[in-house]
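This report describes the fold of one protein chain for a reader who is new to structural analysis. Please keep the sequence and the model in view while reading.

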Amino acid sequence: MKLLENSKLEAISSTLSIDTLVCDITTRVESYSCKMAGDPKKLYKQLRNEPGTSPHDLEILGPSQTKLSSSYNSNFLTTSPQILHPYPIARSISSDDESPLVKTIPRKTLIFLISTLNATFQPDYEFSSCTSQDFSRETNFELVKTEVDSRFLSSIGDHYRSLSPQLWSVIDEEINIKESEIFSYRPDDTSDPFSESGIIWSFNFFFYNRKLRRILYLTCRADCKTSTNDDDNDDEPLESNNYVTFEGVMD
């Protein structure tokens, strides 16, 4: 996987990486080409050629990670892109049953997701042992958006309201959300950067555009901050912090 340089993605990643009194928020919005080269290509060949498997095999995914978040109020932001069920595969056969394809992933696509994680976090972390059960297909963009927006809003408050449209605009510009499949990654609780002690919350979403042969990876983690301030500052409301000025960052 090759990281594609994009100044707008770099800017929004930097803007949404914020230190608050409660936690340190680290955000990465990165775009990768699915063209393999070097070590990623070797890994791709290794995984693709495992005995008894084919790149076209369908493997079972884990359950959606956004359904449990559907109780969030999706109207807390005044502006919201109207993108519902952006891909044909995401539509349900009925109100109760989803297409079997929604619950599976081609092995080739799974390898792309694993390679993206490796490209993002190596040499500190290795994801080659991940299985399809560590990933989920997210069929409703609005639930994904609500999950992301809710996490940021809960941590940086009203300062995120003006940033949400910018975040989704630059993502859409890079990957074309309507033409993308969305997957999420479930931390394994032991050996990845989202399972370390002190993590308050995290999310990992992949937007895969087959036509562009590109994956946009949106990831964020909130690390609990060990306060070194005096007790007098413990009850200071989050809204009173001196945040960085976001105006003009995305121009």
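## Overall composition

Of the 251 residues in the protein chain of this predicted model, 48% count as buried, where buried means under 20% relative accessible area, exposed means over 50%, and partly exposed lies in between (1.4 Å probe, protein chains only). Among contacts in the chain with a separation of 6 or more, 76% join residues 24 or more positions apart; a contact requires heavy atoms within 4.5 Å.

Because the model is predicted, local features need pLDDT of at least 70 and side-chain atom pairs count only at pLDDT 80 or more, whereas totals for chains, interfaces and linings use all residues. Residues are numbered from 1 along each chain as its sequence is written, and side-chain values use heavy atoms, with hydrogens and water left out.

## Helices and strands

The protein chain has 5 helices and 8 strands. Helices (H or I, at least four residues) and strands (E, at least two) are DSSP runs, numbered from the N terminus. Starting at the N terminus, the order of the elements is β-α-β-α-β-β-α-β-α-α-β-β-β.

Two packed helices are described by the angle between their axes and the distance between the axes. Here axes are lines fitted to C-alpha atoms, for helices over the stretch in contact, and angles run from 0 to 180 degrees between N-to-C directions. Angles under 35 degrees count as roughly parallel, over 145 as roughly antiparallel, 65 to 115 as roughly perpendicular and the rest as oblique. A crossing is left-handed if the near helix is turned anticlockwise from the far one by less than a right angle, and right-handed if clockwise.

How do the axes of H4 and H5 cross? Helix H4 (residues 141-156) and helix H5 (residues 164-175) have axes that come within 11 Å and cross at roughly 135 degrees. H4 is therefore oblique to H5, and the crossing is right-handed. On the H4 side the contact is made by Phe-141, Lys-145, Val-148, Asp-149 and Phe-152, and on the H5 side by Ser-164, Leu-167 and Trp-168. By class, this contact of H4 with H5 has 5 nonpolar, 1 polar and 2 charged residues. In this scheme Ala, Val, Leu, Ile, Met, Phe, Trp, Tyr, Cys and Pro count as nonpolar, Asp, Glu, Lys and Arg as charged, and the others, Gly among them, as polar.

Helix H1 (residues 7-15) also meets H5: their axes come within 10 Å and cross at roughly 150 degrees. H1 is therefore roughly antiparallel to H5, and this crossing is left-handed. Lys-8, Leu-9 and Ile-12 of H1 touch Gln-166, Leu-167, Val-170, Glu-173 and Glu-174 of H5. The contact of H1 with H5 comprises 4 nonpolar, 1 polar and 3 charged residues.

## Cysteines

How many disulfides does the structure hold? It holds 0 disulfides, a disulfide being counted as a pair of cysteine sulfur atoms within 2.5 Å. Cys-34 is buried, with a relative accessible area of 2%, and Cys-130 is buried at 14%.

## Backbone features in loops

Most residues other than glycine have a negative phi, and most peptide bonds are trans. The peptide bond from Gln-122 to Pro-123, however, is cis, with omega near 10 degrees. Pro-123 lies in the loop between helix H3 (107-121) and strand S5 (135-138).

Asn-176 has a positive phi, near 60 degrees. This residue lies in the loop between H5 and strand S6 (181-185) and is partly exposed, with a relative accessible area of 29%. Arg-213 also has a positive phi, near 50 degrees. Arg-213 lies in the loop between strand S7 (199-209) and strand S8 (214-224) and is partly exposed at 42%.

Phe-203 lies in strand S7 and is buried, with a relative accessible area of 4%. Apart from residues up to four places away in sequence, Phe-203 touches Val-148, Arg-151, Phe-152, Leu-218, Thr-219 and Cys-220. Phe-203 and Leu-218 are 15 residues apart in sequence and 8.0 Å apart in space, C-alpha to C-alpha.

Pro-187 lies in the loop between S6 and S7 and is partly exposed, with a relative accessible area of 21%. Beyond its neighbours within four places in sequence, Pro-187 contacts Asp-192, Phe-194, Ser-195 and Ser-202. From Pro-187 to Ser-202 the separation is 15 residues in sequence and 8.8 Å in space, C-alpha to C-alpha.
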